[in-house]
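Here's a quick briefing to read alongside the model. Have the structure open and follow the topics below.

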Amino acid sequence: MPSREETAYFGAGPAPLPTSVLEKASEVLLNYNNGGIGITEISHRSADATAILEHTKSCLRQLYDIPESKGPDGYEIIFLQGGGSGEFSASVYHMTSLWVGRRQAQIKKSLGEGATDDAVFEQLQQEVKKLRLDYLVTGSWSLKASQEAARLVGAEHVNVATDARKARDGKFGVILSEKEWSLTRNKDDSAMVYFCDNETVDGVEFPSFPSTLADSGYEVVADMSSNFLSRTVDVKKYSAIFGGAQKNVGTAGITIAIIKNSLLPPGAEFPKAETLRKLGLPVGPIVLDWPTIVKNNSLYNTLPIFDVWIAGQVMQGLLDRAADGARIATQQTEAEKKASLIYGVLDKHNSVYQVVPDKSARSRMNICFRIGGAEDRDAKEKAFLSGANERLLLGCKGHRSVGGCRISNYNAVTLQQVEKLVSYLEEFAQKQRVA
């Protein structure tokens, strides 16, 4: 039986965790804080659980330099369940309701104090026709998010501002120039602009925050599930950020969301559920309702505190190893170094390996490539994956929807493990050349 030290795992999620965190986890599962019971057995409303929540939030605030102000420019951190896919729905419910609330308030103000509820609703009904949710479709996950929005509010309210498949004969692998994007012309008609910062399936990552959205007035919501805590992020450019924990942060079971206070009560007004129903718009489940989760400190329903504890331990580890208070920049440097080593050998042997995404949009986290041509690809990729497994380089198979090979370069993957993989990539390429 191979040891943990001998094995390198490059799976896309659930992903590897630091061994030191798992060793400590094995202890707290049996006895947490010398309380005589394990961490999965303590009440989510206990003092211990509250301390775990506050520690994890504090670590995240430090790593991302998240403004803590109670004013409109501050941000709340919440923990939910449902993964990134759950937040596809939650973001639609919330941002749509917020848009309606804002438009309703504007109508009341313009009509004056004497306006009847019927008069306000009649005008609101007309205004809702203008409602749009903008999506930047750059891969499988942003496509699913846009499809969920269309399912919930109707396709007529969804504007796909860019679809990367148009540049590649129906396949993903590039991010189209911002000049080609067709965002909703009037930003006040747009409830949000959604994008997936890193596409796990397709190996595409935004190299930086889109300049078109900087100081644009649009509400920007980003899914960072698979590159969370892997590089510096200016949180102040976003209205909301969310991500499932099972890639770079912890175990599957919690989703982390960072939400700007201007999107939340008391500053934000929301319509009654009856109003949304009369307008033909959805009313979301309470467990996905951001204001409810914020109000209850993420404890509206039973939160898996163990998963929050794991995330907190991972974050604390990042803080402890940050050079000179650099927060997440230390991890970014390491991630870029590891990705550079892998892409370097793939590009060196480009007659053997074909990197899937365009160089301008290559992900540092999920490195996708094919081997061979159409006539021998299946056999060569099987041979590569078999050899990788024999060397305990596990999890290198591509997503079932696209095939090929995928190396997930998450934070817990060490430089030494990447170097071992690079040696195998070199060895396999040399054998292919001889053959």
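Is Thr138 buried or exposed? With a relative accessibility of 2%, Thr138 counts as buried, because the cut-off for that label is under 20%. Keep in mind that this is a predicted model. The rest goes from the whole chain down to single spots.

**Whole chain**

- The protein chain has 11 helices and 14 strands.
- Its radius of gyration is 23 Å, close to the 22 Å that the globule rule gives for 435 residues, so the chain is as compact as a globular protein of that length.
- If you're setting up a box, the C-alpha atoms fill one of roughly 85 × 60 × 35 Å along the principal axes.
- Buried residues account for 54% of the 435 residues in the protein chain.
- Take the contacts between residues at least 6 apart in sequence: 71% of them join residues at least 24 apart.

**Surface and charge**

- The protein chain has an accessible surface of about 19500 Å², and carbon and sulfur atoms own 49% of that.
- There are 50 positive and 52 negative charges in the protein chain, and their mean positions sit 3 Å apart.

**Around Thr138**

- You'll find Thr138 in the loop between β3 (132-137) and α5 (140-153).
- Leaving out residues up to four places away in sequence, Thr138 touches Ala164, Phe172, Ile175, Cys196, Glu199, Val204 and Phe206.

**Aromatic pairs**

- A pair of aromatic rings is described by the distance of the centres and the angle of the planes.
- The count of aromatic pairs comes to 16.
- One of them is Phe369 with Phe384, an edge-to-face pair at 5.8 Å centre to centre with 85 degrees between the planes.
- Phe369 belongs to strand β12 (residues 366-371) and Phe384 to helix α10 (residues 377-390), so this pair ties together parts that are 15 residues apart in sequence.
- Phe369 and Phe384 are both buried.
- Ring pairs also link Phe369 and Phe384 with Tyr353, Tyr424 and Phe428 into a cluster.

**Around Ser360**

- Ser360 sits in the loop between β11 (353-355) and β12.
- Not counting residues up to four places away in sequence, Ser360 touches Val174 and Pro207.
- Ser360 and Glu381 are 21 residues apart in sequence, and their C-alpha atoms are 25 Å apart in space.

**Around Leu264**

- Leu264 is in the loop between β10 and α6.
- With a relative accessible area of 3%, Leu264 is buried.
- Setting aside neighbours within four places in sequence, Leu264 is in contact with Glu76, His94, Ile259, Trp290, Pro291 and Val294.
- Leu264 and Leu98 are 166 residues apart in sequence, yet 8.7 Å apart in space, C-alpha to C-alpha.

**Backbone spots to check**

- Most residues other than glycine have a negative phi, and most peptide bonds are trans.
- Pro266 is in the loop between β10 (255-260) and α6 (273-278).
- Asp65 isn't a glycine, but its phi is positive, at about 50 degrees.
- Asp65 is in the loop between α2 (47-64) and β2 (75-80), and counts as partly exposed at 44% relative accessibility.
- Asp169 also has a positive phi without being glycine, near 50 degrees.
- The place of Asp169 is the loop between β4 (158-163) and β5 (190-196), and its relative accessible area of 81% makes Asp169 exposed.

Terms used: Residues numbered from 1 in each chain as written. Predicted model: local features only at pLDDT ≥ 70, side-chain atom pairs only at ≥ 80, totals over all residues. Heavy atoms only, no water. Helix = DSSP H or I, 4+ residues; strand = E, 2+ residues; numbered from the N terminus. Rg over C-alpha atoms; globule rule 2.2 N^0.38 Å. Buried < 20%, exposed > 50% of the residue type's maximum accessible area, 1.4 Å probe, protein only. Contact = heavy atoms within 4.5 Å. Areas by Shrake-Rupley, 256 points an atom, 1.4 Å probe, with all protein chains shown as cover. Lys, Arg positive; Asp, Glu negative; His and termini not counted. Charge placed at Lys NZ, Arg CZ, Asp CG, Glu CD. Phe/Tyr/Trp six-rings, centres within 6.5 Å; stacked < 30°, edge-to-face > 60°.
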